[in-house]
Amino acid sequence: MTAPRIACLAAGLATAAAAVTGPLAGAAHHDFTAHMTGHLLLGMIAPLLLVLAAPVTMVLRALPVGAARRLTRFLNSRPVRMVTHPVPAAALNAGGLWLLYTTGLHHAIGSHPAVHFHVLASGYLFTAAVIGVDPAPHRPGHPVRAAALIGFLAAHAVLAKHLYGHPPPGVPMDEARAGAELMYYGGDLADLVLIVVFCHQWYRAAGARWRLPAELRTAGTTAERHNGW
Amino acid sequence: MSLADRNVLSGALLGLGVAAFVDEVVFHQLLHWHHFYDRSTPAAGLVSDGLFHAFSWFATVASLFLFADLRRRAAVDPARWWGGLLTGAGGFQLYDGTIQHKILQLHQIRYGVNVTPYDWAWNIAAVLLIAAGVVLLVRARRAA
């Protein structure tokens, strides 16, 4: 395991911890802006750092061969493949947020550990589906992943503007507005990092294909071979 | 996709991204003419705004990586790239000025004034950008 991956893992865990414990989590109970800061850290920044740490690779290397094989078989099973496909993963992530903030759910159980776990886990699945560095033999090509990424960013932006006009139950209007603007522009910032990493991965993959002689240019997924992307 | 088309695509994506970025920075943040959210905005307007916001953000970054890819292959074609850029910027501006501002009623260019001259200036600027871009693209195609 390389030093940058260890740094990403530590930073990812620290970011997630900062969102659910300590002063920020305390303030989040009564302040929607603090809550939204925690949401961005837990649902976007922490998953990004954890995905770049390639934790599955780390676990596979640490496990004995038999257990590693069983884990690989599990990760390649149909249900896991389904939720790690970018489109369902994006829908799961965005759908959870819509459910949380447009129903009474946020007011009722917004700081329940299960909700925190869902936000982190669905953020992780989505981020891994789009820019994962762990091996994933069934990962679709760049166009599908780009479409899922744009779809999720749009759902996030629409939800932020919707909350600006329609505060979640129990949140005063001015707090909702400050929180919604933070969600919109803070989300943009996190998205920018995600987009740059995604495009950089494409750039490297395209460069590797371009340097190969023509008869060997069959690496990558079927979609990439077909489109030359 | 041919390298010539990739030049157009890279330019068009950057044009769209820059037009959206200028709209956000100048009209929303600096002048405060546009509103973040207009209470009368219908749902379709919000969805269109969100999709264009997400796409333009992605397009800005993707266009620069596409451009870097063209450069390392020594395949940059300035006429096609600029043609794409002007067409993309004008296309977004026209979509924003007609569909989003007028039909979907997302928000107006400016509030508390007669908006008609602003709408004409906005959309004429858009058409001029598209015209300049298309001229460049047609000339590049003829030269090839």
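Of the 144 residues in chain B, 42% are buried, where buried stands for 20 or more other C-beta atoms within 10 Å of a residue's own, exposed for 12 or fewer and partly exposed for what lies in between, with C-beta atoms placed from the backbone. This is a predicted model, in which local features need pLDDT of at least 70 and side-chain atom pairs count only at pLDDT 80 or more, while totals for chains, interfaces and linings use all residues. Residues are numbered from 1 along each chain as its sequence is written, and chains are lettered from A and ligands numbered from 1 in the order in which they are written.

Chain B has four helices and zero strands, in the order α-α-α-α along the sequence; here helices (H or I, at least four residues) and strands (E, at least two) are DSSP runs numbered from the N terminus. Along the principal axes, the C-alpha atoms of chain B fill a box of roughly 50 × 25 × 25 Å. Among the contacts in chain B with a separation of 6 or more, 90% join residues 24 or more positions apart, a contact being a pair of residues whose C-beta atoms, placed from the backbone, lie within 7 Å.

Confidence comes next. The predictor gives the complex an ipTM of 0.82 and a pTM of 0.85. Chain B has a mean pLDDT (the predictor's confidence in each residue, from 0 to 100) of 85, and 94% of its residues reach 70 or more. Within chain B, the lowest confidence belongs to helix α4 (residues 116-143), at a mean of 87, and the highest to helix α2 (residues 43-72), at 90. For chain A the mean pLDDT is 87, with 91% of residues at 70 or more. The pLDDT is below 50 over residues 221-227 of chain A, a stretch that has 14 contacts in the model beyond near neighbours in sequence. Where pLDDT is low, the predicted coordinates should not be read in detail.

Where the two chains meet, chain A contributes 23 residues and chain B 20 residues. On the chain A side, α10 (142-165) and α11 (173-211) each supply at least two of the residues that touch chain B. That side of chain A has 15 nonpolar, four polar and four charged residues; Ala, Val, Leu, Ile, Met, Phe, Trp, Tyr, Cys and Pro count as nonpolar, Asp, Glu, Lys and Arg as charged, and the others, Gly among them, as polar.

The helices α10(A) and α11(A) also pack against each other, at an angle of about 170 degrees and with their axes 8 Å apart. Axes are lines fitted to C-alpha atoms, for helices over the stretch in contact, and angles run from 0 to 180 degrees between N-to-C directions. The pair α10(A) and α11(A) is therefore roughly antiparallel, given that angles over 145 degrees count as roughly antiparallel, under 35 as roughly parallel, 65 to 115 as roughly perpendicular and the rest as oblique. Residues of α10(A) in this contact include A:Leu149, A:Leu153 and A:His156, and those of α11(A) include A:Asp191, A:Leu194 and A:Trp202. By class, the contact of α10(A) with α11(A) has 13 nonpolar, three polar and four charged residues.

Helix α7 (residues 86-102) of chain A packs with α10(A) at an angle of about 5 degrees, with the axes 9 Å apart, so α7(A) and α10(A) are roughly parallel to each other. Among the residues that meet here are A:Ala94, A:Leu97 and A:Trp98 in α7(A) and A:Phe152, A:His156 and A:Leu159 in α10(A). This contact of α7(A) with α10(A) has 13 nonpolar, three polar and one charged residues.

A closer look at α10(A) brings in A:Leu153, found in that helix. A:Leu153 counts as buried because 25 C-beta neighbours lie inside 10 Å. Not counting residues up to four places away in sequence, A:Leu153 touches A:Asp191, B:Ala54 and B:Trp57.
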